[in-house]
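Visitor: I would like to learn how to read a structure of this kind, feature by feature. Please show it to me, and then we can start with the overall layout.

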Amino acid sequence: MNRSVAMRDRQPSAFRPFAAMAALALMLTLSACGGPQERKAQYRAKALDYIQAGNFPKARVALRNVLKIDPKDADAYFLVAQVEEKEKNWRNAVANYQQVVDIVPDHKEALIVLAKYYLEAKLVDEVRRAADKVLAKHPQDPQAQALKIALLAQQGGQIHRLQDAKSDVATCASGASASPGSLAQSENHPRRSPRRQGHGTGLTPDHSGRTHVI
């Protein structure tokens, strides 16, 4: 009986290492998998590290993983847009900035960048709309105010060019209206016919048809 009791006492200690290893493996598995938010944070941190290192392809992959977990992550789209700008993929950059605004309509940074693109493309209404959205929430924002000033300057330049074009058209029209009168005047006063050769010209022909200076 004492022997059986001793056997029972030794059995737990024999299985303790296996239980500890199983617990450790479970903890490692849980930490590796983590929840969605934890994995998203890990991918975002990797993306920021890659961006800082200038490794934009890997940064893009990490951000795609973020968006797979959370397709409505506006900040991830903003980072993707910045990566596209770094690689001079302007169309993709604008599309991703627009995606940010679609998710967060008053996202100040995305609106400012989009307004700059619109200003360069001379999309007047889009510039005004984006700047007004920023100023509605941030009335003293210097970038939005600068965009409104730049927009007015651009419109002023267009007005001056339009006025110059109208002036050129008016000048051409007045010149065209003056031409018939000049033609009529020339018709009313025909040019005098040139004098016949040899009369009052200081030249006289000889019988051979040649002309001599007198």
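Visitor: Which pattern does the protein follow, read along the sequence?

Guide: Helices (H or I, at least four residues) and strands (E, at least two) are DSSP runs, numbered from the N terminus. Here the pattern is α-α-α-α-α-α-α-α-β-β, that is, eight helices and two strands. Two conventions apply to what follows. Residues are numbered from 1 along each chain as its sequence is written, and side-chain values use heavy atoms, with hydrogens and water left out. The model is predicted, so local features need pLDDT of at least 70 and side-chain atom pairs count only at pLDDT 80 or more, while totals for chains, interfaces and linings use all residues.

Visitor: Where is confidence lowest in the protein, and where is it highest?

Guide: The scale is pLDDT, the predictor's confidence in each residue, from 0 to 100. The protein averages 76, and 57% of the residues score at least 70. Strand 2 (residues 211-213) has the lowest confidence, with a mean of 37, and helix 4 (residues 74-86) the highest, at 98. In residues 193-214 the pLDDT is below 50, and this stretch has 19 contacts in the model beyond near neighbours in sequence; a contact means heavy atoms within 4.5 Å. Where pLDDT is low, the predicted coordinates should not be read in detail.

Visitor: What percentage of the residues count as buried?

Guide: Buried means under 20% relative accessible area, exposed means over 50%, and partly exposed is in between (1.4 Å probe, protein chains only). Of the 214 residues, 21% are buried. The accessible surface of the protein, from the Shrake-Rupley method with a 1.4 Å probe, is about 15600 Å², and carbon and sulfur atoms account for 58% of that. Contacts can be read by sequence separation: among those between residues at least 6 apart, 39% join residues at least 24 apart.

Visitor: Which residues of helix 7 are buried?

Guide: They are Val124, Val127, Ala130, Ala131, Val134 and Leu135. Because they cover an arc of only 140 degrees around the axis, they lie on the same side of helix 7; the arc is that of the directions from the helix axis to the C-beta atoms. Ala136 and Lys137 are exposed, on the face turned away from the buried side. In helix 6 the buried residues include Leu111, Ile112, Val113 and Leu114.

Visitor: How many salt bridges does the structure hold?

Guide: Side chains of opposite charge can pair when their charged atoms come close. The criterion is a side-chain nitrogen of Lys or Arg within 4 Å of a carboxyl oxygen of Asp or Glu, and the structure holds ten such bridges. In one of them, aspartate 70 pairs with lysine 40, with the closest N and O atoms 3.0 Å apart. Aspartate 70 is in the loop between helix 3 (56-69) and helix 4, and lysine 40 is in helix 2 (residues 36-53), 30 residues apart. Lysine 40 also meets aspartate 73 in a salt bridge (3.4 Å, N to O). Aspartate 73 lies in the loop between helix 3 and helix 4 and lysine 40 in helix 2, so this pair ties together parts 33 residues apart in sequence.

Visitor: Are aspartate 73 and lysine 40 buried or exposed?

Guide: Both are buried, lysine 40 at 10% relative accessibility. Aspartate 70 is partly exposed, at 21%. A network of salt bridges links Lys40, Arg44, Asp70 and Asp73.

Visitor: Which salt bridge does glutamate 126 form?

Guide: Glutamate 126 pairs with arginine 129, the closest N and O atoms being 3.0 Å apart. Both lie in helix 7, three residues apart, about one turn of the helix. Glutamate 126 is partly exposed at 31%, and arginine 129 is partly exposed at 44%.

Visitor: What is the phi of lysine 88?

Guide: Most residues other than glycine have a negative phi, and most peptide bonds are trans. Lysine 88 has a positive phi of about 65 degrees although it is not a glycine. Its place is the loop between helix 4 and helix 5 (90-103), and it is exposed at 57% relative accessibility. Lysine 122 also has a positive phi, of about 60 degrees. Lysine 122 is in the loop between helix 6 and helix 7 and is partly exposed, with a relative accessible area of 49%.
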